[in-house]
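My entries follow in the order I made them.

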Amino acid sequence: MPESPITPRSQDFAAWYQDVVLQGDMAEPAEVVKGCMVIKANGYAIWELIQRQLDDRFKATGHQNVYFPLLIPQSFLHKEAEHVEGFSPELAVVTIAGGKELEEPYVIRPTSETIIGHFFSKWIQSYRDLPVLLNQWANIIRWELRTRLFLRTTEFLWQEGHTAHSTHEEAMAEVLRMLDVYAQVAEDEMAMPVIKGAKTQSEKFAGAVRTYAIEAMMQNGLALQSGTSHDLGQNFGRAFDVKFQSKEGQLEYVWQTSWGVSTRLIGGLIMSHSDDKGLVLPPRLAPVKSVLVPIYRKDDEKARVLEAAERIARDIGAKVDDREGQSPGAKFFHWERRGVPIVLELGPRDLASNNVVLKRRDTGVKETVPQADLAARIPDTLDRMQKDLYNAAKQRLKDNTVLANSIGEVEAILRDVTAEKGGGKFVMAHMKDDPACDARIKEFKATVRCIPLVDEFDGAGKCILTGEPVDRRVVIAKAY
RNA sequence: CGGGGCGUAGCGCAGCCUGGUAGCGCACCUGCCUUGGGCGCAGGGGGUCGUGUGUUCGAAUCACACCGCCCCGACCA
């Protein structure tokens, strides 16, 4: 793959993002399939690490993995009024199969609440069958008008958790537990600070009673909804007749939840940490943590350097870049734009002094380290990088969060913000959860991102639009 | 779907206005040389010029139609 320059963030953030993805060889547009992408080995390896972190936590909280069909009878979508209304515009529908027009078309799943609802109604009879705690790793299709690699594509990979409970209280605990799991993975593994909150009624998932989300801030100040957890109430229970007999002998509808994160997280990861030289990965999600570049001139030198390189790399689990015909400089650039946290240089000088040159991807700082110390220094450095990246992102979130006390202020702050130019802020303002208020915010292309679960500001106040009392500030921002 | 732009080698482009049988940079292959931040030199391979129809002795170039893609707006994890 040809390696071209990367557009600086300050010039055009959106172009920068695209360059980082392409030059990091993580994904490319599918080209022959509108709106879809090919996730390449470097991108998929990151997804596998994220999957592992999530899946371990799902298992630890009692969930089991399952798999439901890609195709869903069209009529299922119609059983929940809000659900069909929300998803209709983005459905792909199969009408012909086996050379014949189907009696009833199938939709390609945009999400699986409906088909899972159907099976829940078969499987659940008694309170003894509850809770049901399931998860599936799957691909889904939502016909999108405007796509961006990882952030929004027509087909994407995700996981969707689906659970059924005997009480609303228990379902709510599940909703918040999984929101916490998402926040943990985002912060501890991705080094991406997030705000946990509730979506407004007009922003919630089609068919949910209430949607909760984690929102992250990208380097251009735009918000990225990075995970959602829904309280479905009894909406799908009613739509699919999922009833159970309680201890008291009553027939009741189950209380359901669903929650998901997608390959969009990779986009969030990229836009949280990367720089004008390319991808920067937090060590915990770096498929390759260190690479050793050997440097030599003559053949005898080459033999000695490569031998030492192999020995050192074996001790510390590094990859040796021994490709022929590439200069060391070319190799440094190559790994730099792939986000490898640590690049080591080993040449004749180091051989003579028993040192190695160690370079950190995030700071760009090089230091000379005795070979004997490497085994300890590398995990140490990786740990420090992980923390530094989180702290830098946290600081940026803090620096770009501002208070506003009138709709005019909100608009002034966000007026000129775009994905390309950046300058985005999280604007904290008192606002009522009312579709009419959301609509006013949307007039200048921003949205209410969430109503934070934890109020870190000044508590109650008056809605900047209606003047009615509300108990805390909401997050308003432009978003992906 | 509305507005704008673009289809010429794997990628990025020039050539088109003024018709004469296709070129540049990167990448790729071979050899030599180099190697502490994108080495250099020499040689080489690769194109139904998006598709179709028309005009013409002759079309990448002119005309018409179609197809596709990208950007900007209205929907969205």
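Where is the place of lysine 277? I found lysine 277 in the loop between H8 and strand E15 (290-294). I note that this is a predicted model, where local features need pLDDT of at least 70, side-chain atom pairs count only at pLDDT 80 or more, and totals for chains, interfaces and linings use all residues. Residues are numbered from 1 along each chain as its sequence is written, chains are lettered from A and ligands numbered from 1 in the order in which they are written, and side-chain values use heavy atoms, with hydrogens and water left out. Helices (H or I, at least four residues) and strands (E, at least two) are DSSP runs, numbered from the N terminus.

**Entry: lysine 277**

Lysine 277 has a relative accessible area of 44%, so it is partly exposed. The cut-offs are under 20% relative accessible area for buried, over 50% for exposed, and partly exposed in between (1.4 Å probe, protein chains only). Next came its contacts, meaning heavy atoms within 4.5 Å. Leaving out residues up to four places away in sequence, lysine 277 touches Ile6, Glu336, Arg337 and Arg361. I also checked a distance to arginine 142, 135 residues apart from lysine 277 along the chain. Their C-alpha atoms are separated by 33 Å.

**Entry: H1 against H8**

Two packed helices are described by the angle between their axes and the distance between the axes. Axes are lines fitted to C-alpha atoms, for helices over the stretch in contact, and angles run from 0 to 180 degrees between N-to-C directions. For helix H1 (residues 13-23) and helix H8 (residues 264-273) I read an angle of about 115° and axes 11 Å apart. H1 is therefore roughly perpendicular to H8. Angles under 35 degrees count as roughly parallel, over 145 as roughly antiparallel, 65 to 115 as roughly perpendicular and the rest as oblique. The crossing of H1 past H8 is right-handed. A crossing is left-handed if the near helix is turned anticlockwise from the far one by less than a right angle, and right-handed if clockwise.

Which residues of H1 and H8 make the contact? H1 gives Phe13, Trp16, Tyr17, Val20 and Val21, and H8 gives Gly267, Ile270 and Met271. By class, the contact of H1 with H8 has 7 nonpolar, 1 polar and no charged residues. Ala, Val, Leu, Ile, Met, Phe, Trp, Tyr, Cys and Pro count as nonpolar, Asp, Glu, Lys and Arg as charged, and the others, Gly among them, as polar.

I checked the length of helix H2 (residues 41-60). Its 20 residues should span 28 Å at 1.5 Å a residue, and the end C-alpha atoms are 28 Å apart, so the two agree. The expected span is 1.5 Å times one less than the number of residues. Buried residues of H2 include Ile46, Trp47, Ile50, Leu54 and Phe58. Just after H2, glycine 62 has a positive phi of about 90°.

H2 and helix H6 (residues 168-189) pack at about 145°, with axes 10 Å apart. H2 passes H6 in a right-handed crossing. On the H2 side I listed Gln53, Leu54, Arg57 and Phe58; on the H6 side, Met178, Val181, Tyr182, Gln184, Val185 and Glu189. These residues divide into 6 nonpolar, 2 polar and 2 charged.

Most residues other than glycine have a negative phi, and most peptide bonds are trans. Where did I find a cis peptide bond? The bond joins leucine 130 and proline 131, with omega about -5°. Proline 131 lies in the loop between helix H5 (113-123) and strand E7 (132-141).

Aspartate 241 has a positive phi, near 55°. Aspartate 241 sits in the loop between helix H7 (235-240) and strand E12 (243-245). Its relative accessible area is 41%, so aspartate 241 is partly exposed. Asparagine 354 also has a positive phi, about 60°. I placed asparagine 354 in the loop between helix H11 (348-353) and strand E18 (355-360). At 49% relative accessibility, asparagine 354 counts as partly exposed.

**Entry: H12**

Helix H12 (residues 374-399) has 26 residues. H12 reaches 36 Å from its first C-alpha to its last, close to the 38 Å expected. Among its buried residues are Leu374, Ile378, Met385, Leu389 and Arg396.
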